[in-house]
Amino acid sequence: MRHALLSPLLSLAVSALASCTLASPPSQPASPTPPRNVLDEHSHAEPKRARVVHVDLDLNLDFAAKRIAGYAELRIERPDPEAPLILDVKGLEIELITGSDGGIRPFQLGEEHDNLGGSLTIRLKPDDELVRIHYSTVPTSEALQWLSPEQTAGGKAPFLFSQGQSVLTRSWIPLQDSPGVRVTYTARVQAPDGLVPVMSADSSERLEDGSSMFRMTSPIPPYLIAIACGDLEFEAISERCGVWADPSIVASAAKELEDTESMIANAEKLFGPYRWGRYDLLILPPAFPFGGMENPCMTFATPTILAGDKSLVSLVAHELAHSWSGNLVTNATWSDFWLNEGSTVYFEARIMEEVFGAERAIMENQLSFNGLKRELEGTSERDSILHIDLKGRHPDDGFSGIPYNKGALFLRRLEEVFGRADFDRFLRAWFDGHAFQSVTTAEFVSFLGTELLAPKPELAAQVDVEKWIYGSGLPDTAPVVPSSALAQVDAELKTYSSGKSAAGELNTDGWVTGQWLHFLEGLPAELSMEAMSDLDATFGFTGNGNSEILCVWFRLSVKHGYAAADEKLEAFLARVGRAKFLIPLYTALVKVSPERARELYARMRPRYHAVAHANLDRIVGASESAE
Ligand code: BES
Ligand code: ZN
């Protein structure tokens, strides 16, 4: 059974396509990582025998039929010349497959599995170095979400985006969908007139026939191949960085995200050069199921981070950090997911500290820590392990605050013990030494041992690496620096909870988003209707424009039966598809009234992406048996 895509991950016109060609070519190795001896149980492929190294796509985006159709030409290496080529596919219609000489090659589709799709086995001829697969997606292809114009900011044009992580790329491209099988790619994309396609590529150009050509020249894991298309405009932030968004919001988005260049420069100072050429952000319609997705050169982000006061831009620091931790050095299997996310959360905080100062970074760290503590209470032992056992499970079962926040705490503990200078040198060496490779937890542990631990055994004795990575729960050496900004909130909460003061008497002058979130999370477990009305009248939560604050407030409103927030809550559920918000809200709704939750969800479900369905179907569906 799938697990919730968790809640407490706190973090708080057609502009010339030519504008996104490379400022300077990225440095990368000539060919992708050689095959390694890692079994990815979430892929059918056998890359040690026949391996995809490059993909050329030629695709037509058909919005009316909700289909992408065309071909994928795969360049392959064949360590075992006898072996067939085995790919991952999910719900694809395969029309025809040809080999290097243009002749037809026989193929077989294996039975499809709910979680992992099926295998596509292609019989090769001895000289085949290429196969071309003519195929189309189906309207229900899980990676893709086709949005109606009403679901976009401008309301004028439809929108398409893909979400590949973890195992959904196979639902729009037939390939070896394993994070250990890195590929370079090109794509020629034909989109309807007036709509702009963008991809996770390091260069793009408009061709004479009106189609667009994209190239990703660094080898990336397949989950990072991404496409979006809609009424998009570009606004530059710096020479190498800018924002793509609906024309109606592009200027305000660029303003909100104007610190991105400074984030890149600071990240480079910490952990080495940014190796991908451009760094652009794409602001998606609110149906996007995540806060952000680190598609290389083009982070995909929810518009719910645009709070108007830069209070939620740590998400950009996070997705940018993945340009090192995750995209440059990638988890080899989904059991190693903590390597991607834990180091990214650590790195995110370091960037935030450089750009916005230590106080903010400390506050955001403590909020994440509090969230992790709450989450651990409801997490089984086996799921609180960093190197998670996913045998027979969906990779997204490992998606929780554990890989993120416990992972980051482990790195913070290493920093605390070995000191910043040595730890930074270690991390920099890790990224440099494994650039464009996919790595396992065992490889990390071994590198950690030789580079950081072995030279200083007396310090190494203070970090129980085994326990951090393979043990459940949180070691009590987890380092937390108390935030004075949150301590102020605690003082007000104490007064409020003792019943001595009404909301209006609290001192909330100058509170920032993180403080409001801490306040809401710390309110007494029981609140009367009068108390809820008083809080709302005093602080205007129901009408708040900050999505993180709204989400916590709506959850409390549902819990305490505060119906005055219902209208806004329903509008929020109709507009926003971010799983991080939907999961706690539907969970709260189901608890209070399963029928209402089901009725609402039935209405809203078509607006949400497949990755949100997977969790919400379980949460809302589960209400039947809970009755
Ligand atoms: N790579 C993740 C999103 C993801 C993880 C998608 C697993 C599918 C499977 C992304 O970098 C992420 O962590 N997003 C968070 C951002 C937050 C922690 C700042 C999100 O979407 O909330
Ligand atoms: Zn991440």
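How far does a polar side-chain atom of histidine 322 lie from an oxygen atom of ligand 1? The distance is 2.9 Å. Keep in mind that this is a predicted model.

Let's stay with ligand 1. A nitrogen atom of ligand 1 sits 2.7 Å from an N or O atom in the side chain of glutamine 165. For the side chain of glutamate 341, the distance from a ligand nitrogen to an N or O atom is 3.1 Å. On its own, ligand 1 has 520 Å² of accessible area, and the protein covers 98% of that.

Who lines the site? There are 19 residues around ligand 1, and Gln165, Gly291, Glu294, Glu319 and Tyr404 come nearest. By class, that is six nonpolar, eight polar and five charged residues. Strand 18 (292-293), helix 3 and helix 4 each give two or more residues to the shell. Helix 3 has the largest share, with three.

Now the metal. Ligand 2 is a zinc ion, and its protein donors are NE2 of His318, NE2 of His322 and two OE entries from Glu341, at 2.0 to 2.8 Å. Along the chain the spacing reads H-x3-H-x18-E. Histidine 322 is in the loop between helix 3 (314-321) and strand 20 (329-331), while glutamate 341 is in helix 4 (residues 337-356), so this pair ties together parts 19 residues apart in sequence.

What about geometry? Six donor atoms surround the zinc ion, and their angles run from 52 to 159°, which makes the arrangement irregular.

Last point, burial. Histidine 322 is buried, at 0% relative accessible area. Glutamate 341 is buried too, at 2%.

Terms used. Residues numbered from 1 in each chain as written. Chains lettered and ligands numbered in written order. Predicted model: local features only at pLDDT ≥ 70, side-chain atom pairs only at ≥ 80, totals over all residues. Heavy atoms only, no water. Donors = N, O, S within 2.8 Å, 3.2 Å for Na, K, Ca; no water. Tetrahedral: all angles 85-135°; square planar, octahedral: opposite > 155°, others 65-115°. Helix = DSSP H or I, 4+ residues; strand = E, 2+ residues; numbered from the N terminus. Buried < 20%, exposed > 50% of the residue type's maximum accessible area, 1.4 Å probe, protein only. Near = heavy atom within 4 Å. Polar contact = N/O pair within 3.5 Å; in protein donor to acceptor, adjacent residues only side chain to side chain. Areas by Shrake-Rupley, 256 points an atom, 1.4 Å probe, with all protein chains shown as cover. Nonpolar A, V, L, I, M, F, W, Y, C, P; charged D, E, K, R; others polar.
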